[in-house]
Amino acid sequence: MNWLAKWVWADGEASPRNEWRCFRKTFDAPANGWSSAHIAMTADSRYVLYVNGESIGRGPNRSWPLEQSYDVYDISHLLHPGQKNVIAVLVLHYGVSNWSYVRGRGGLLAQLDLQQGEENVHTWVTDVTWKTSRYEGHDRHSPRMSFQQAFTEKIDARLWGAEWVDAEFDDTDWRQTLELGPVGTEPWTKLVQRDIPFLSEETVYPVRVECLHKVRPVSWTATVDVRNHMVPGSENHANPMAYVGYIATVIRAPERATCTFGFFNTHVFGPCTVNGVRYEMEQFVGTLPERYLEVELKQGDNLFVMDITGRDIGGIFHMAIDCAVPVEVVSPVLPPLASDVSGSPFATIGPFDSEVLIDHQESREMACGHKDYLAAKTIASLDDLRRFTAWIRPVASSLVSRENVFVLCVWKKRELPMSVPAALQQVVTANNMATEVPVYPDADTELVIDFGRELSGYLSFEVDASAGTILDFYGFEYMRDGLRQDTFDLDNTLRYICRDGRQRYTSPIRRGIRYVMLTVRANKPADSPFAVPNALPHPVRIYSVRWIQSSYPVAEVGRFQSSDAKLNDIWAISRDTTRLCMQDTFVDCPAYEQVFWVGDSRNEALFSYYLFGAEPLVKRGLRLVPGSRLYTPLYTTQVPSGWNSVIPNWTFFWVFACWEYYERTGDCSFAAEMWPHIRKTLDHYLAKIGALGMLNIKAWNFLDWAPVDQPQNGVVAHQNMFFVKALHTAAEFGENANDRTAVVYYREAAERLRQAINRHLWAEGKQAYADCLHADGSLSTTFSMQTQTVAYLCDIPYGERTAPLERYLLDPPPAFVQLGSPFMSFFYYAALAKLGRFQRIIDDMRVQFGYMIDYGATTCWEMFPNSQEGLSNPNYMTRSHCHAWSAAPVYFLGAYVLGIRSAGTGWRKVTVQPQPCGLTWARGSVPLPENGRIDVAWHLADDGRTMYIQVWAPAEVELEVRVPEGMESRIDICKL
């Protein structure tokens, strides 16, 4: 690519928080002399591209700023020769780092080339001739969706129309762009063209209106980004913080009244005082993470102060007030101190201490004994507050969202269920006929729309409404028997304030949902939330509520069917889970995080091989990992990310995944590219070997959501065991690179580590491996199935020590910690397959994954329902209802029930050895990396002793077909 374009933005702040900015370039396309047109572009942070009013693409792929991804589109068919044309781009700049984006600065880069054959004959580039304007209809104060993601959206269609993307739009009042510099300008010092196909986009309609309610909202709600306020500069990274301090506001009541405070997070929350009366944590009621406190307000000003000292992952502070009288919430700080933050009702006292928390670096205790922090506990009035002027900092209005749509959707003053009229079901149909929403004079209208399955992509709708009508959308994943599981770790909302008449809107924010709650709020001033809703000037008519399903484009090559209907359903939800979690990288889930977790992706890659192939997506993700060396040579847990976190196992899994990709594809150039990165990180891990000869590291020493003894400091058994396997895998890379020195080095290191594990972690009395050695040198008294499984899988035991582990795999001792997640089931099933106990895999699968089917799952859950680890609400069966680390059945059903496994690099040799596992027949397909697929169909004769097998395969694939020991066979092979 011969880049002539300049990076452009607007004058003013380099990296504004949550800014949507529009760009336009109009030009006359020549009537002739060109045959094709391509536009190359990228932006920081994300963009939507329009050509002559038509949306044609979104991007860029997530990437490290030092290797910024760009896209190229063929727009030949969209340009109008001899006429005026327009390129329009909406850029969403985050202005904060998150778990899939590292903060850069606002920027757009685009170049349109018209070609005649191979020659460029006309070129238009981003420069000062482009026009720009802030998207005035977007509220920059909209809150963070979660600490892993960027922002949700609040749109006022009265302030900004959709016609800005059209060629005839008058942009006279728009400003010229500001040139930032040519390609190579920091922070985007290198550009890398998209190496995967563009994501799919398909329209999906709902299946039914699930329920209808009359609702009354609570009085007052707000969201505060406490983290970015308490520690200026924290927007440049996504690391957890610790700080010591308070948040304060004033509730002004016209008369004495009882009110209820509501809080909806567990990250920033503590004891509080109201007018000096202290309320301890145990005085709050509600099920976590919902907390409620009833207090008496006096007439006039009531000072609220909450202690927010502690560890803050994301710092999203949700607060709401329900009161019978119309209270006003105002800043506790008087001018001139508060003069620069008009509109913010909050201030903080402190922080008296703060620190960035990085899990693989040393940290210290917070100074909770600071005299001013302790003295501030007694603040009872505004006069008391003024004694701490030196510590008071008003919260900037940019960090406060004055109406919290999420809280309005989950906490209501009143909620009355109504029967769903048959006419309202018209909302879900695809015929674009209008459906009138019921209107209630004393309440808002809430309807829950079911799309019938989990989805990932973009909400789109078309309505006819009066100006000022508020439409609040809230997406969630699970509902059963009228009970809704709210997404308390995720603000999955959209507020749309209508202009007058018929209008359409498609959100540029990616979300994951199954259900969408739509609340129609009456036409009332947005700054008067206490008013009783009035009847709308005219009814709201809905023409469509649709979903633009978007994921990595694949063909469903992999197939599985069997004589067991439940297994077929389990395979299907595992397939759909994997696909929904394939975006521009693999992601953990489409809703809560949308993050490329390095360890999760190893298993997801194996699943995708058996379903879709998708080798380019696997390769792209693996290549992103070494970019985290800028943070640590140990490599981070998710990439690209502003969170500097290390889970050693995740790095080891990346090593496995690199080798498995090579085995899958035979891509020698990839193996050579990754080899120095693998050596570098494993050598740094070897440097962490302690005096006992084992990896002794401060990190997030995690494997499973279960009470495994896996401390942040010390020797953790399972990751030392996986380290042994990673060192052996590195030796395989060395063999491939003909580096004999490295082969010997890594194999000897692996054997020394294996010996140390057996010397120090084997408990003879228990005939098992202990979970860890604590930092004080004491052996853990906890024994887990996780540790025994990994030990067996990684060939850790010597001689007679193998036998008890095999018994544990088949009959887990009740005293041992049991598996806590379907992710861990992958390793358990792999160990059982190594042991040759395939029936046990299927039996466990029917129980654990069958439970999900019984509860209506359309995708695999993050955790088993008997595990409470990591849950914000103990009543929930799982957090995420679509989590790709859980999709192991597609791999094991294909590899063992169908029996299709590679027996050579590049799948040029394939073994087919089906395992009946109590089934009478099975059939299915597994894609090959380059050419075709393997199809297998088998069934058992009535006597159960003869297996009939049919195999279809490309002619160049060498096949070896076997049957289980002791069975007769009839085999039919068809080469294509």
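Visitor: Which residue stands opposite Arg521 in strand 38?

Guide: Ile470 does. Keep in mind that we're looking at a predicted model.

Visitor: What makes strand 33 and strand 38 a pair?

Guide: A pair needs at least two bridges. Seven bridges join strand 33 (residues 470-476) to strand 38, and they run antiparallel, so the two count as paired.

Visitor: How do you know that strand 32 and strand 38 pair?

Guide: Go by the bridges again: strand 32 (residues 444-465) and strand 38 share nine, in the antiparallel sense. Take Ile449, whose bridge partner in strand 38 is Val516.

Visitor: Why is strand 38 called largely enclosed?

Guide: A residue is buried when its relative accessible area is under 20%. In strand 38 (residues 511-521), 11 of the 11 residues are buried, so the rest of the structure largely encloses it.

Visitor: Why is helix 8 called roughly antiparallel to helix 9?

Guide: Helix 8 (residues 648-665) and helix 9 (residues 668-686) pack at an angle of about 160 degrees, with their axes 10 Å apart. Angles over 145 degrees count as roughly antiparallel, so that's what helix 8 is to helix 9. Their crossing is left-handed.

Visitor: Which residues make that contact between helix 8 and helix 9?

Guide: On helix 8 they include Phe652, Trp654 and Tyr661, and on helix 9 they include Phe670, Met674 and Leu682. The contact residues divide into 14 nonpolar, three polar and no charged.

Visitor: What makes strand 45 and strand 50 edge strands?

Guide: They belong to an open sheet of three strands with the order 45-46-50 and mixed pairing. Strand 45 (900-902) and strand 50 (958-961) each have a single partner strand, so one side of each lacks a neighbour in the sheet. From one strand to the next, the twist averages 25 degrees.

Visitor: How do you know that strand 45 pairs with strand 46?

Guide: Three bridges link strand 45 and strand 46 (residues 909-912) in the antiparallel sense, and a pair needs at least two. One to look for is Arg901, with Thr911 as its bridge partner in strand 46.

Notes: Residues are numbered from 1 along each chain as its sequence is written. This is a predicted model: local features need pLDDT of at least 70, side-chain atom pairs count only at pLDDT 80 or more; totals for chains, interfaces and linings use all residues. Side-chain values use heavy atoms; hydrogens and water are left out. Axes are lines fitted to C-alpha atoms, for helices over the stretch in contact, and angles run from 0 to 180 degrees between N-to-C directions. Helices (H or I, at least four residues) and strands (E, at least two) are DSSP runs, numbered from the N terminus. Angles under 35 degrees count as roughly parallel, over 145 as roughly antiparallel, 65 to 115 as roughly perpendicular and the rest as oblique. A crossing is left-handed if the near helix is turned anticlockwise from the far one by less than a right angle, and right-handed if clockwise. Contact means heavy atoms within 4.5 Å. Ala, Val, Leu, Ile, Met, Phe, Trp, Tyr, Cys and Pro count as nonpolar, Asp, Glu, Lys and Arg as charged, and the others, Gly among them, as polar. Buried means under 20% relative accessible area, exposed over 50%, partly exposed in between (1.4 Å probe, protein chains only).
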